[in-house]
Amino acid sequence: MHEYSMTTMIVDAVLEEARRHDAEKVLEVELVIGEFTFLNPEQVEFWYKVLSERDSILKGSKVRIELRRGYIRCPKCGYEGKLMYRDDTAYHLMVPTLLCPECKGIAEIITGRECTIKRIRLLGRGHESSAKG
Amino acid sequence: MNPRMKRVVKAEEGEVYDIELDAEILEANRRIAEENRSLLRRYNVTAIDVMGSTGTGKTTLIAGMIRLLKGRYRIAVMKGDLTTTIDAEAISRYDVDVVPINTGKECHLDANLVRKALRTLKLEDLDLIFIENVGNLICPAEFPLGSEKRVVVVSVTEGPYMIVKHPFIFMDADVIVINKIDLAEAMGVEVDKLRMDAETINPRAKVVQTNCRSGEGVGEVVKALGLM
């Protein structure tokens with residue numbers, strides 16, 4: 001839903017890092033996006049393409065997105081794992097529930113809300129220009 | 001020094017190198033939300049985040065709660081909207097401080113906007129702040145603001161599937177309000193089914209049925225929030 005503003009933040013963070021390393025180019029950016037975020041990876045890719053074209057350091061760089069599965073934990077029985085989905089025949093769809101699949105306690109979301117820049121691949125500049133940093 | 005700052009790797013000419021960055025983009029918002037939370041605690045102010053689609057009755061619910069709680073608490077309202085101050089003016093008639101927050105084009109409030117809005121209020125003269133989020137059932141879930149409790153409002157006029165279509169915002173709610181129950185029959189919507197959906201998705205939340213225009217059920221919302 002807010003992929004544009006999120007990708008703007010991603011691009012700003014990548015650029016800051018590239019400048020700090022005095023890189024000539026950013027070649028690749030690896031992102032991790034959690035299952036429970038409201039970010040559609042295709043839209044993030046689209047905005048990355050649009051936004052990266054505006055900057056010579058970023059131009060032509062690729063973005064790779066790893067989807068991270070979301071997990072829950074039950075404070076009552078210690079269950080850690082996937083969210084349970086209940087098949088709702090009235091709707092013909094799967095409705096997620098925070099009920100613990102083991103003990104029917106109430107679980108909490110522990111992962112799946114991340115939007116992380118995991119790694120960036122840079123192309124280094126020559127010695128002359130990097131020596132000053 | 002930021003612990004996220006890794007050592008600087010010196011490059012050879014034309015060398016390709018990887019930087020392990022591990023920078024969490026949403027972390028900045030979460031951090032500011034925590035700062036808001038501790039600021040509010042320091043002044044003993046409770047903040048309640050009210051979320052829901054456009055037209056579900058968030059403003060009417062807040063007005064109803066103000067009517068019940070005025071005199072008991074010193075109240076202020078933050079009112080998020082893309083542009084207008086129509087709702088903010090409606091609320092200000094109840095003689096409480098209102099801070100309109102215009103997000104421009106953004107679809108949600110974020111912790112930084114709330115921090116700015118908090119600076120305009122005299123926290124020592126307040127007990128309770130209602131933060132009305134931008135009308136949207138998706139984005140606000142991603143941006144905690146630092147509130148103590150979160151209310152999600154849904155109404156029967158949006159049809160029978162609103163809760164199952166947007167499960168994740170309901171997972172974050174402490175109280176789920178099903179509004180406009182007086183129109184359920186005309187809409188052909190079963191309120192009990194909506195309630196069951198809410199309870200399935202988030203068994204921790206309290207579900208309250210209301211008709212905010214008449215005030216029916218608003219007292220229960222206030223109780224569910226632990227304010228009465």
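Analyst: The expected span of a helix is 1.5 Å times one less than its number of residues. Keep that in mind for this predicted model.

User: What does α1(A) reach from its first C-alpha to its last, and what is expected at 1.5 Å a residue?

Analyst: α1(A) has 18 residues. The expected value is 26 Å. The helix reaches 25 Å, close to that figure.

User: Which residues of α1(A) are buried, and what makes them so?

Analyst: A residue is called buried if 20 or more other C-beta atoms lie within 10 Å of its own. In α1(A), A:M6, A:T7, A:I10, A:V11, A:V14, A:E17 and A:A18 are buried.

User: Why are they said to be on the same side of α1(A)?

Analyst: Because they cover an arc of only 135° around the axis.

User: What is on the face turned away from the buried side of α1(A)?

Analyst: That face carries the exposed residues A:D12, A:E16, A:R19 and A:R20. To count as exposed, a residue has 12 or fewer other C-beta atoms within 10 Å.

User: What do the buried residues of α1(A) pack against, and what follows the helix?

Analyst: In chain A, they pack against β1 (23-34), α2 (41-52) and β8. Chain B contributes its β1 to this packing. After α1(A) comes A:D22, whose phi is positive, near 50°.

User: How many residues does each chain give to the contact between A and B?

Analyst: Chain A gives 38 residues and chain B gives 37. On the side of chain A, the elements giving two or more residues are α1 (3-20), β6 (93-97), β8 (115-124) and α3 (127-131). The largest share, 10 residues, comes from β8(A). By type, the chain A side divides into 21 nonpolar, 10 polar and 7 charged residues.

User: What makes β8(A) and β1 of chain B a pair, and in which sense do they run?

Analyst: Two strands pair if at least two bridges are found between them. Here there are 7 bridges, in the antiparallel sense, with β1 of chain B covering residues 16-24. One of the bridge partners is B:I19, which stands with A:I120.

User: What is the order of the open sheet of 3 strands in chain A, and why do some strands count as edges?

Analyst: The order is β4-β3-β7, with antiparallel pairing. β4 (80-81) and β7 (108-111) each have a single partner strand, so one side of each is left without a neighbour in the sheet. That puts both at the edges. Between β3 (residues 71-73) and β7(A) there are 3 bridges. A:I72 stands opposite A:I109 in β7(A).

User: Which domains does the assignment give chain A, and what separates their centres?

Analyst: Domain 1 takes 3-69 + 112-131, and domain 2 takes 71-109. Over C-alpha atoms, their centres are 34 Å apart.

User: Is B:V152 buried or exposed, and how do you know?

Analyst: The cut-off for buried is 20 or more other C-beta atoms within 10 Å. B:V152 has 31, so it is buried. The residue sits in strand β6 (residues 149-155) of chain B.

User: Which residues is B:V152 in contact with, leaving aside neighbours within four places in sequence?

Analyst: They are B:M51, B:G52, B:I169, B:F170, B:A173 and B:I176. The C-alpha atoms of B:V152 and B:K58 are separated by 8.6 Å, though these residues are 94 apart along the chain.

User: What share of chain B counts as buried?

Analyst: Of its 228 residues, 50% do. Chain B has 9 helices and 8 strands. Its C-alpha trace spans about 70 × 40 × 30 Å along the principal axes.

Key. Residues are numbered from 1 along each chain as its sequence is written. Chains are lettered from A and ligands numbered from 1 in the order in which they are written. This is a predicted model: local features need pLDDT of at least 70, side-chain atom pairs count only at pLDDT 80 or more; totals for chains, interfaces and linings use all residues. Two residues are in contact if their C-beta atoms, placed from the backbone, lie within 7 Å. Helices (H or I, at least four residues) and strands (E, at least two) are DSSP runs, numbered from the N terminus. Ala, Val, Leu, Ile, Met, Phe, Trp, Tyr, Cys and Pro count as nonpolar, Asp, Glu, Lys and Arg as charged, and the others, Gly among them, as polar. The arc is that of the directions from the helix axis to the C-beta atoms. Domain bounds come from an automatic or database domain assignment.
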